[in-house]
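Open the model in your viewer and show it as a cartoon. The tour below says what to select at each stop and what is there.

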Amino acid sequence: MRGNKMISSMSMANASLLMAISAIIWAAFNSDVASNIRPPPQETRSITTDSHSSTTPQQVHISTVGRDHMRISWITKKPAPSKVEYGMSSGEYDSSAIGSCTSYRYFLYKSGHIHEVVIGPLNPNTVYYYRCSGHSSREFNFKTTPPQLPLKFIVIGDLGQTKWTESTLQHISQVEYDMLLLPGDLSYADFWQPYWDSFGRLVEPLASQRPWMVTIGNHEVEKIPIIHPTPFTSYNARWHMPFEESESPSNLYYSFDVASEVHVIMLGSYTDFDQGSSQYTWLEGDLKKVNRKKTSWVVVVLHAPWYNSNMAHVGEYESVDMRKAMEQLLYDARVDIVFAGHTRVYDGKANKCGPMHITIGDGGNREGLARKFMDPKPEISIYREASFGHGQLQVVNSTHAQWTWHRNEDNLPKADDSVWLTSLISDLDCKPQ
Ligand SMILES: [Fe+2]
C-alpha cells in the first residue's frame, strides 16, 4: 500500500484499531463474504496517493442533470469556494456558477469539503473546459452528450480499486464514448472511508470528462448497527445523482433521458422495492411517463441480478424478491435491457418481448472472480465468462443497438462477445401493454 495522508494523519494505533473493527464489521454484516465461496483476491488494492494541497480540487466527477445541465462534484480538504468557471475554450471561462458544500462524519472519520455545482444550459455534443474553486492549476474538460442517436455507453459494475480496475479504466480511456453507467459497488471502501477518497482520485481522469451515472450496490450500504445506523452516508454525500429531476424521493433510484430516444432507469437493489414501496410507486409512475412513440429504448440499471447462471449470489433476497416485485412492470413497459452487477462475471441472457439481462460485474474489484457457473448452462443464458472487462452499448438508431464485451487481457478493438439488439417497440409482436 502506498502512502495516504488521511491515513497517516491518524495515529497508527487508531488506524490499526479501525482497520480491525472494519474487518470484523465487514465479515459480520456483508452477505458477500458470508454466503459465497469464491477464489481468493487475485489482485491487491491500488490505493491512490493524495498529493494535493488542502484547497486543490480533487476527486472531480460529473453527472448529467436534466436535458442540458451538468453537476460538477469535487472535494477539498480545507474550505474553498463552491464555484465552477467554464467555457468552450481552454483557459477562457465566460460562464460561472455557484453551488453548495457538505461534509459528513463516519465513526472517527471526517470527510473533506464536498462541493457540487450545477452548470448550464449547455450545448449538446460540445466540449467544455472548466475549473473548480477558482484553482488555476487544474483545468478539466468534458463533452456533453449528443442531441440524438447514435450514442455510446460504457457499462461497468463492481469497479473497486485494484490493478484490474486500473486495467479496466485504461481500456475505457481509449474508447470514444458519451456516458458511463455503473450498476453499483464503486469503491469497495467497506467502511474504511479514506478508500472512498482514493477511489475518487482513481476515477477522476475519466469521471471528470464524461457523465458517470451510478447506482448502489451492497458495498455502498456501510451501515453499522448502533455505531453508524444510517446507510449510504458516503455514497449519498459523494455521488449526488439527478433524482430530483425525475421526481424520485431518493438518491438511491432515479431516471434520465439521453439523446432524446433513450430513457435510463437506475434502480436501488438495497432499499425498499416491494409493491407499495416508494421505489415501486416511483418506478410505476416513471414508466407510465415514458412516451414510447418518441423513446425507442428503455434501459434499466441495478445491482443484484434478477437472472444469474453463476453459483455466486444465487437466491439472494435482493435478486429474487426484487424480480418478483418489479419484473411485470418492466415487462409491460417493454424495457429493452437490464444491466446488473454484483456477480463478478460477464453473463448475457435473452427473453422474447422481455428485457435482455446482462450481468457486468467484472470491473476489477478485490474479491476475485466468481468462477463457478451452473452446469449445465441454463437455456436462456447466451454467453458467460469469469474475466475482468467492460461493456459497450452502441445505440445506433431507433431500432438497432450493438452490445460488445471486452476482456481486459485482450486488445481493446477485439470484442470478446458481441450481439445486435432490436428495440422491442420495433417488434410488432412486442407492442407495449
Ligand atoms: Fe455486490
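**Before selecting anything.** This is a predicted model, in which local features need pLDDT of at least 70 and side-chain atom pairs count only at pLDDT 80 or more, while totals for chains, interfaces and linings use all residues. Residues are numbered from 1 along each chain as its sequence is written.

**Whole protein.** Colour by pLDDT, the predictor's confidence in each residue, from 0 to 100. The average is 85, and 79% of the residues score at least 70. Now select residues 1–41: the pLDDT there is below 50, and beyond near neighbours in sequence the stretch has 48 contacts in the model. Two residues are in contact if their C-beta atoms, placed from the backbone, lie within 7 Å.

Of the 433 residues, 47% count as buried. A residue is buried if 20 or more other C-beta atoms lie within 10 Å of its own, exposed if 12 or fewer, and partly exposed in between, with C-beta atoms placed from the backbone.

**Helix H4.** Select residues 163–173. Which residues of H4 are buried? They are Trp-164, Thr-165, Thr-168, Leu-169, His-171 and Ile-172. Seen down the axis of H4, they fall within an arc of 160°, so they line one face of the helix; the arc is that of the directions from the helix axis to the C-beta atoms. On the face turned away from this buried side, look for the exposed residues Gln-170 and Ser-173.

**Helix H5.** The axes of H4 and H5 are 10 Å apart, at an angle of about 10°. That makes H4 roughly parallel to H5, a term for angles under 35 degrees. Axes are lines fitted to C-alpha atoms, for helices over the stretch in contact, and angles run from 0 to 180 degrees between N-to-C directions.

Select residues 254–258, strand E14, where 4 of the 5 residues are buried. Strands pair if DSSP finds at least two bridges between them. Ser-255 has Ile-265 of E15 as its bridge partner. Finish at Ala-259, which takes a positive phi near 50° in this hairpin, where 3 residues lie between the strands.

Technical notes
Helices (H or I, at least four residues) and strands (E, at least two) are DSSP runs, numbered from the N terminus. Angles under 35 degrees count as roughly parallel, over 145 as roughly antiparallel, 65 to 115 as roughly perpendicular and the rest as oblique.
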